[in-house]
Amino acid sequence: VGGSFEDYIIAMTGPSGGPTLQWPDQDALDDVNSNLGDGAAQSMANIVLVSMEIQPKCKTLSVSVGRQKSGIFIQVSNKASDGAVRVREDIAGTIGGAGDAEMTPQTVQAHLARRLVAGSGGRFDVEIVSDGVITTARWQ
């Protein structure tokens, strides 16, 4: 999945350059894949895409996966490029809200990601922090 996203970001940002991607090690990815099943890669891809959209001008996207007492998680930390956090509230509200947000052309990806996660028994959390946004999908 990581190589595909790097290619996608290069294609979308061109010579100006996009965010640096940081991926978990293969053992952690394999563990999440074995627990989430066939849709794990698709869910992860959409979680990363929506995390890029929530703060479009980001410097780094750090993806982490694993287990906690409460279950499995996929988390994307999106750090602001210039230190100024600019959150797209429409995206944050769509993935972190009650699911009744209006679908617009700008929120289609967020609706898809939310449905993929919810359809597999998961839920989204969005946390705005001083230097970016943390998007987490959790499954119990």
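Val-65 stands opposite Ile-74 in strand E3. Both positions belong to a predicted model, in which local features require pLDDT of at least 70 and side-chain atom pairs pLDDT 80 or more, whereas totals for chains, interfaces and linings use all residues. Residue numbers run from 1 along each chain as its sequence is written, and side-chain values rest on heavy atoms, without hydrogens or water. Helices (H or I, at least four residues) and strands (E, at least two) are DSSP runs, numbered from the N terminus.

Five strands form an open sheet with mixed pairing, in the order E1-E2-E3-E5-E4. Pairing here requires at least two DSSP bridges between two strands. From one strand to the next, the twist averages 15 degrees. Axes for such angles are lines fitted to C-alpha atoms, for helices over the stretch in contact; angles run from 0 to 180 degrees between N-to-C directions.

E1 (residues 20–22) pairs with E2 in the parallel sense, over three bridges. Thr-20 has Thr-60 of E2 as its bridge partner. E2 and E3 are antiparallel, with 10 bridges. A hairpin of two residues joins them. Val-63 has its bridge partner, Val-76, in E3. E3 and E5 also run antiparallel, joined by eight bridges. Across this pair, Ile-74 stands opposite Ala-137, and Ser-77 has Ile-134 as its bridge partner.

E3 is largely enclosed by the rest of the structure, because eight of its 10 residues are buried. Buried denotes under 20% relative accessible area, exposed over 50%, and partly exposed the range in between (1.4 Å probe, protein chains only). Helix H3 lies across E2, E3, E4 and E5, and runs at about 30 degrees to E3.

The largest nonpolar core holds 26 residues. Such a core is a set of buried Ala, Val, Leu, Ile, Met, Phe, Trp, Tyr and Cys residues joined through side-chain atoms within 4.5 Å. Ile-47, Val-50, Leu-61, Ile-74, Phe-124 and Trp-139 touch the most other members. Two or more residues come from each of H2 (26–36), H3, E2 (58–68), E3 (71–80), H4, H5 and E5. H3 gives the most, with six residues. In soluble globular proteins, nonpolar side chains tend to be buried together.

Leu-61 has contacts beyond its neighbours within four places in sequence. Contact means heavy atoms within 4.5 Å. Among the residues it touches are Pro-19, Thr-20, Leu-21 and Gln-22. Val-48, Ser-51 and Met-52 are also in contact with Leu-61, as are Val-76, Ser-77 and Asn-78.

In helix H4 (residues 89–96), the buried residues are Ile-91, Ala-92, Thr-94 and Ile-95. They lie on the same side of H4, because they cover an arc of only 165 degrees around the axis. The arc is that of the directions from the helix axis to the C-beta atoms. These residues pack against H3 (40–54), H5 (108–119), E4 (122–129) and E5 (132–139).

At the start of H2, a side-chain oxygen of Asp-25 comes to within 3.2 Å of the backbone nitrogen of Asp-27. Gly-37 follows H2 and has a positive phi, near 85 degrees.

Conventions:
A polar contact is a pair of N or O atoms within 3.5 Å; within protein, one must be able to donate a hydrogen and the other to accept it, and residues adjacent in sequence count only if both atoms are side-chain atoms.
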